[in-house]
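Take a look at the model below.

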Amino acid sequence: MGEKDFNVENARVQMRKGLLEFPILLIVARGEVYASDILKELKKADLIVVEGTLYPLLSRLKKSDLVNYEWRESRTGPPRKYYKLTKQGGRVLGELLMTWDVLNTSITKLIKTYEKSS
Amino acid sequence: MKKVVSITIGGMVFSIEEDAYGALSEYLTAIRDRFKATDEAEEIVDDIELSIAEKFSKKKKPQIIRSKDVETIIAEMGTVEDFEKELSEIETDASGSDDPIQKLRKKLYRNTDDQIIAGVASGLAAYFGVDPVFIRLLFVLSIFLHGFGILAYLVLWVVMPPAETVAQKLEMKGDPITLQQFEKMLKDKLSPETKERTSSFAKVLRAPFELLRGLMRAFGALLRSIGPLIRVAFGLVLIVVSFGAALALTVALTGVHFSVNSGLFELPVRDFLTGTEYAIGLGAVYLLFLIPGAMGVMLGASLMKRQNKFSGVMLALFAVVWFGSLFVVGDTASALVPQYRAYIENMPIATQEHQLEAFDQIEVFSGDSVVIRQGEEYSISFTGKEASVEDRSFEVHSGVLTVSDGKRDHVCIGCFQPSVDVVITTPALSYLEAAHGSRAVIELFETDSLVAEFKHGSTGEIDIVATKMKLVASHASQVTVRGSVEEVSAEIYYAARVDTSDLESEKTSVELDYSSSAEIGSTDVLNITAQRSSSVQYVGEPELTEDISESSSVRKKF
C-alpha cells in the first residue's frame with residue numbers, strides 16, 4: 001500500500017527542483033558562462049531533464065539580482081548571453097553553501113548510522 | 001510536397017517546412033502563455049528561441065528544418081508540462097495567480113468543430129466531460145420548460161467564446177498542452193472530414209446570432225475606444241457632485257447648528273441633550289454623509305487617473321467610522337424620541353379668545369378642528385398646546401374670516417403642529433371653505449343660503465336649516481349634512497364622500513365624478529349625474545332623473 005502511494009520519481013523530481021538554483025549559481029560563479037555551458041554541466045551531473053527549465057530559472061535569478069549577463073557575438077550561431085555572479089549572488093551562494101554543508105553533514109551522518117545498524 | 005517558409009529566430013534566418021513551423025510556433029506560444037502572468041515571459045521565450053537557433057545552426061550545412069527536427073528540439077527543451085514538473089514551487093508561485101497547473105484548468109468555449117447550431121452544447125459537454133448528446137438532449141427537453149432551453153442557448157451563445165486556436169481547443173477539453181497534443185490537433189485541423197459538419201439549416205439559423213455577436217464585439221471595441229473619454233467625464237462628474245454634496249451638507253449642518261436655539265428651530269434639542277451628546281450626535285450625522293462624499297471624490301479621482309486611490313486600510317477605517325457614526329446617530333435619536341414625546345405631552349394648554357368685526361364667510365386652512373356656532377356676537381377662540389395656539393393667525397377682510405397657521409409660509413426646521421380646537425361664533429354664515437385636512441362642524445345653524453366647500457382631505461359635519469345650499473366636496477373629503485334644506489345641489493369629485501341621509505329636502509341635484517359616492521336622504525325630486533366609478537344611494541320614491549356613465553351606479557337603499 002504505502003509503496004504504491006509513494007511516488008519515487010515524484011520525490012526525486014521534488015528534491016531536484018528544490019536544489020536546481022544552487023548548482024546553477026555554482027556554475028555561474030566559476031566565471032563567464034553561457035546557457036549551453038550551464039546545460040552541459042547540469043546534464044552531466046544529471047541535475048536537469050529538459051533544457052527549457054533553465055531559462056525561467058536564469059530569468060528569475062537575474063530578476064532577483066543574483067546573476068547578470070552581457071551579450072557577446074558568436075562566430076557560429078546567434079549572439080550569446082554570458083552570465084556572471086553579482087555581489088548579491090555571491091552572498092546568496094555563500095549562504096547556500098553553508099546550508100548545503102549542514103544538510104550534507106546531517107544526511108551523511110544519518111546514512112552512516114543506518115549502514116552501521118544494518 | 002511541402003511548402004517551405006523562411007523564419008527568423010534569434011536573429012538568424014532558417015528555412016522551415018510549413019507544418020514544422022506551425023508546431024514550433026504553437027510550442028513557443030504555449031510557453032509564452034505559461035509565463036504570461038510574469039514580466040519575464042518575453043525574456044524566457046527569447047532565451048529559448050536563442051537556444052533553438054543555436055541548435056538549428058549546428059546542423060550540417062544548408063538544410064531545411066522538418067517536423068522531426070522540431071520534435072527533437074521540443075523533446076530536448078521540454079513541453080510546458082515538463083516545465084511544471086521541474087520548476088520549484090516558488091517559481092510557479094512567482095508566475096502569478098493565473099493558474100499554475102494549466103493542464104488541469106478547463107475553460108468554457110464553444111466547440112466549433114462539433115456543432116449543430118453554434119457548438120454551445122458540445123462546448124459544455126467538453127467542460128463537464130460528458131457526451132454532447134446528453135447536453136443536447138437537456139437543451140431540447142428544457143425547451144418545453146417555457147422555452148427556457150432556447151433562451152439559455154442564446155445567452156450562452158453570446159457569452160461563450162468560440163475555441164479558435166489550438167491552445168483554446170486544448171483548454172476546452174482540459175488536455176495538457178504538449179507537443180503530442182498539438183500535433184494531434186493540427187492533424188485534426190487539416191483533415192477534411194471534421195470540417196463542414198454544419199448543416200445549411202444550422203447556417204441560416206446561425207446567421208442572426210453571429211451577427212449579434214459581431215455587433216456586440218463592435219460595440220465592445222467602440223466602448224474601448226471612447227472608454228477613456230467616458231471614464232474621465234464620469235470621474236469628473238463624480239468628483240464635482242460628491243464635493244458639492246459634501247459642501248452643501250457642511251453648510252446645512254452649520255445652519256442647523258446656529259438655528260438650533262433660535263426661533264426657527266422649535267424643537268429644543270439643546271434642552272434634551274447635553275453639550276457633549278449634541279456635539280457627538282451632530283458630528284456623527286456629519287460623518288454619516290461626509291464619508292460617502294469622500295468615497296465619491298476618491299472614486300472619481302481613481303477613474304480619472306486610472307489608478308486605484310483606495311487602500312484596504314483606508315476602506316476599513318472608513319467602514320468602521322461610518323458604522324460607528326450610524327450607531328451614534330441611532331443612539332442619539334433613540335435618546336431623543338422619548339424626551340420629545342414628553343416635551344409635547346407636558347406643553348401647557350392655552351386658550352385665546354378674540355372678538356371680531358362682522359363677517360359671514362369663513363375660510364379654514366390651518367388643518368384644525370373648527371366648530372361654528374350661531375350666536376349674537378362675532379368671535380373666535382383657540383384651545384390647544386400653547387405653541388400651536390400662538391402660531392395660529394386669523395384675519396377678517398371684507399366680510400371673510402380666514403384662519404391659518406402662521407408658520408406655513410416661512411422656513412421652520414423641526415417645527416411640529418399639534419392641531420388646535422377652534423370655536424367660531426357668528427350670527428350669519430353664507431360661505432364656508434375647509435381645506436388641508438381641516439375639520440369643520442357647523443352646529444345647528446339657520447340661514448337663507450349656504451355654500452360649503454371641503455378640499456384636500458377635509459371633513460365636515462353640517463346641521464342646517466336653510467332654503468338653498470350648495471356643497472362642493474373634493475379630494476377625498478368627507479361631508480355629512482343633516483337638517484332641512486329646500487333646494488340642495490352638490491358637486492362631489494376625486495374620491496370624495498357625501499352623506500345627506502338625515503337631510504330632508506324638496507329638490508336635490510348631485511354631480512359625482514372620479515370614484516366619488518353619495519348617500520341621499522329623502523327628497524321629492526332627485527337629479528343625478530354620475531361619472532367614472534361613482535355611486536349614489538338614495539331612499540324613498542323621489543322623482544328621479546339620472547345620467548350615469550362609465551361604471552357608475554345608482555341604487556335605491558332599503
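In this predicted model, 26 residues of chain A are in contact with 29 residues of chain B; contact means heavy atoms within 4.5 Å. The area buried between the two chains is about 2400 Å². Buried area is the accessible area (1.4 Å probe) that two parts lose on being put together, summed over both. Carbon and sulfur atoms give 54% of that area. A:Lys17, A:Tyr55 and A:Pro78 supply 25% of what chain A buries against chain B, more than any other three residues.

Four salt bridges are counted between chain A and chain B. A salt bridge needs a side-chain nitrogen of Lys or Arg within 4 Å of a carboxyl oxygen of Asp or Glu. One of them joins the side chains of A:Lys81 and B:Glu43, at 3.4 Å from N to O.

Two notes on conventions. Residues are numbered from 1 along each chain as its sequence is written, while chains are lettered from A and ligands numbered from 1 in the order in which they are written. Local features need pLDDT of at least 70, side-chain atom pairs count only at pLDDT 80 or more, and totals for chains, interfaces and linings use all residues; side-chain values use heavy atoms, with hydrogens and water left out.

Now follow chain A itself. It has six helices and three strands, in the pattern α-α-α-β-α-α-β-β-α along the sequence. These are DSSP runs numbered from the N terminus: helices are H or I with at least four residues, strands are E with at least two.

The three strands form an open antiparallel sheet in the order S1-S3-S2. Strands S1 (33-34) and S2 (67-72) of chain A stand at the edges with a single partner strand each, so one side of each lacks a neighbour in the sheet. Two strands pair if DSSP finds at least two bridges between them. S2(A) and S3(A), residues 80-85, pair over six bridges. Within this part of the fold, A:Asn68 has A:Lys84 of S3(A) as its bridge partner.

Which residues of chain B does B:Glu17 contact beyond its neighbours within four places in sequence? They are B:Lys2, B:Lys3, B:Val4, B:Ile64, B:Ile65, B:Arg66 and B:Ser67. B:Glu17 sits in strand S2 (residues 12-17) of chain B. B:Glu17 is buried, at 7% relative accessible area; buried means under 20%, exposed over 50%, partly exposed in between (1.4 Å probe, protein chains only).
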